[in-house]
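Thank you all for making the time this morning. I would like to walk through one model with you, and I will ask you to keep the structure open while I talk.

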Amino acid sequence: MRIDLTPLLKRPLGQAFLVALLTALCVLPGIASLPTIDRDEARFVQATRQMLDSADWHGYVVPRFGDQLRLQKPPAIYWVQSASVAALGGVDRGPEAIWMYRLPGALAAIATALATWWLGRRMFGALTGTLAGVLIGICPLVAFDAHQARADQVMVAVTTWMMVLLWRLWTTRDSSTPWFTLLGLYGLCAAGILLKGPITPFVLGSTVLSMAAATRRWSWIVRVQPWTGALIVLMIVVPWIVLAAREIGGDTIAGAIRREVFERAGSGMEGHWAPPGYHLVLLPVLFFPGSLLTGLAIQWAWVRARRTRRSGSLPLRIWSSLTARGGRHPELFLLCWLLPTWIVFELVATKLPHYVLPCYPAIALLSARAIVGGLSSLPRALDPVNRFGYGVWAVIGACIGWMPAGLMVALDRAGLLSDPSLGWSLPLASSAFALVLVAGFYGSVLMWRARRQALRGDFGSAIRGGIAITVMSLVCTMGIVLPRVPAPWITVRILEHARHEASNRGLDALPDMAAIGYVEDSLLFESGRRVERLGAEALPAWISQHPDGLIIATTDLLGRDGPIAAGAARLQPIESSRVRGFNYSKGKVVEVMLYAVVPER
């Protein structure tokens, strides 16, 4: 049965509603039920929590995680999350309020999808804009990232709306620059700096310079008024820098900038090195289903944006191939947005999948344009390579469809699908498994049909199948499976055992606790900073200072034959608290248990 969306798509409000609805279906399920995710999200929410707990405004100037400065990111995301938690009444609530910290990121994902839709409408028409908004809103990278209370989604939303204003400025025929456009453009640029440093201004600057160079319209740079823009940015950013320098010193801030920008670019920090091409390899999966025609779409955009010049040397001909024919082509704007930023992220040594998110709106617009245009929009006839690519795309879609069921089966085979002691259980005999099994089979059928439709050039029908399976899989994975399987949520489970132990002792709150071996960042937020993370050498001293304390430790460290068993002589294992799970931060199965400090006789 096919649902006719034509009446809905005739009006801009209906188009925006469809984009927002499908994005919300992928980013909202699970934001309240998923526990705190290690490690980045745990650091963000704990720093925000400490801002909310601070006695005065000084605590909002420089973020802190525990007793350490949190200078990996500027402070704006913590301000946004603090405002969200305060507005929703979560200041005095514990980890159950995690959705309040995540809500800005989820809303930002919807805002990014709407900005992409708006830009697509202006560039290519309503259908292409709507499809582009949907493609970025439902892609797995955005959906997974939006479930974490981090800076990335808010930064991407700010950057995308900034590019909407830049396109408006490019297409405005008046010689003067509207002041409100200029103020909005550089105000959003400054917000991007306060959210995640240099990424947003780099996207803006590289696009402006590339457009000027490709079109030979150097007056375009003057029209953007970079000096006025720099003044606006400085007026917004400098006050925080001055306040932060008064709190912790200018040298500390300069050191953080050097470490987080230059050292991160030159070497793989925190073990996150990857070779050039890393993001390109992941794109077909992380941008599914929009990756159906992405490669051909970029080729097609290059052809549309260029003016061929066969004279001159080869380097000049390559450079001239980006020269715009009419000077206002949307394809040229999107390529100037996409290519410089993507190339830089491929060359930077430190890589994580979400780093290229600011490029995704441009990719979504180019891909949607090719899909709507069909075979007539492609630069050449389909060849065996393209046909093989459609098969790979269909296989990726089928794997995404089977993701929730496959996750449950894998955990069951590893004995990690249930924790009877705490009532965590999602057995294969449950209705949930039946639902995800049906979704997997249905997704396989959809992908089989989608591949055949793509081979016929019916890309619109193929992409509808891809959208359907992606939405179904993400809803099942994020809303049903992950919140209910115990394996990834070691912190929540061990702290639940600690609360039972505290109740048995007649305590209303958790006792003093320390962690060794298992020292993930989520312990601080989930426990309300009741857990102190220790090294092996500090364990004996902590035990002597906390005669009624509890130790969280991996069993391989404090077991009978463990390497620090001698330092744990005064510890009594609480066998009922044994927790076995998958530590996804380290990629291995671990066993954690509580140990009670035995009073010295």
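Predicted model: local features only at pLDDT ≥ 70, side-chain atom pairs only at ≥ 80, totals over all residues.

Let me begin with Ala245, which is partly exposed, with a relative accessible area of 27%; here buried means under 20% relative accessible area, exposed means over 50%, and partly exposed lies in between, with a 1.4 Å probe and protein chains only. Residues are numbered from 1 along each chain as its sequence is written, and side-chain values use heavy atoms, with hydrogens and water left out.

Ala245 sits in helix 12, residues 226-248, where helices (H or I, at least four residues) and strands (E, at least two) are DSSP runs numbered from the N terminus. Leaving aside neighbours within four places in sequence, Ala245 is in contact with Gly250 and Ile253, contact meaning heavy atoms within 4.5 Å. Val61 lies 184 residues from Ala245 in sequence, yet the two C-alpha atoms are 9.6 Å apart in space.

Five strands make up an open sheet in the order 6-5-7-9-8, with mixed pairing, and two strands are said to pair if DSSP finds at least two bridges between them. At the edges are strand 6 (531-533) and strand 8, each pairing on one side only, and the twist averages 25° from one strand to the next. Helix 22, residues 490-504, packs on this sheet and touches strands 5, 6, 7, 8 and 9, its direction making about 160° with that of strand 8; axes are lines fitted to C-alpha atoms, for helices over the stretch in contact, and angles run from 0 to 180 degrees between N-to-C directions.

How do strand 9 and its partners pair, parallel or antiparallel? Strand 7 (residues 550-554) is antiparallel to strand 9 over five bridges, with Ile552 opposite Leu594, and strand 8 (residues 571-583) is joined to strand 9 by nine bridges, again antiparallel, with Phe582 partnered by Val589. In the hairpin of strands 8 and 9, which has four residues between the strands, Gly587 takes a positive phi near 70°. Strand 9 itself (residues 588-597) is mostly covered, seven of its ten residues being buried. By contrast in sense, strand 5 (residues 513-516) pairs with strand 7 in parallel over four bridges, and Ile516 stands opposite Ala553.

Turning to helix packing, the axes of helix 6 (residues 126-138) and helix 21 (residues 459-484) come within 10 Å and cross at roughly 35°. Leu131, Val134, Leu135 and Ile138 in helix 6 meet Ile463, Ile467, Thr470, Val471 and Leu474 in helix 21.

Which residues touch the most other members of the largest nonpolar core? Of its 126 residues, they are Leu185, Trp220, Leu292, Phe333, Leu334, Tyr360 and Met447, a nonpolar core being a set of buried Ala, Val, Leu, Ile, Met, Phe, Trp, Tyr and Cys residues joined through side-chain atoms within 4.5 Å. Helix 8 (residues 152-171) gives the most to this core, with 13 residues. A second, separate core of 22 residues includes Leu34, Ala405, Trp424 and Met478.
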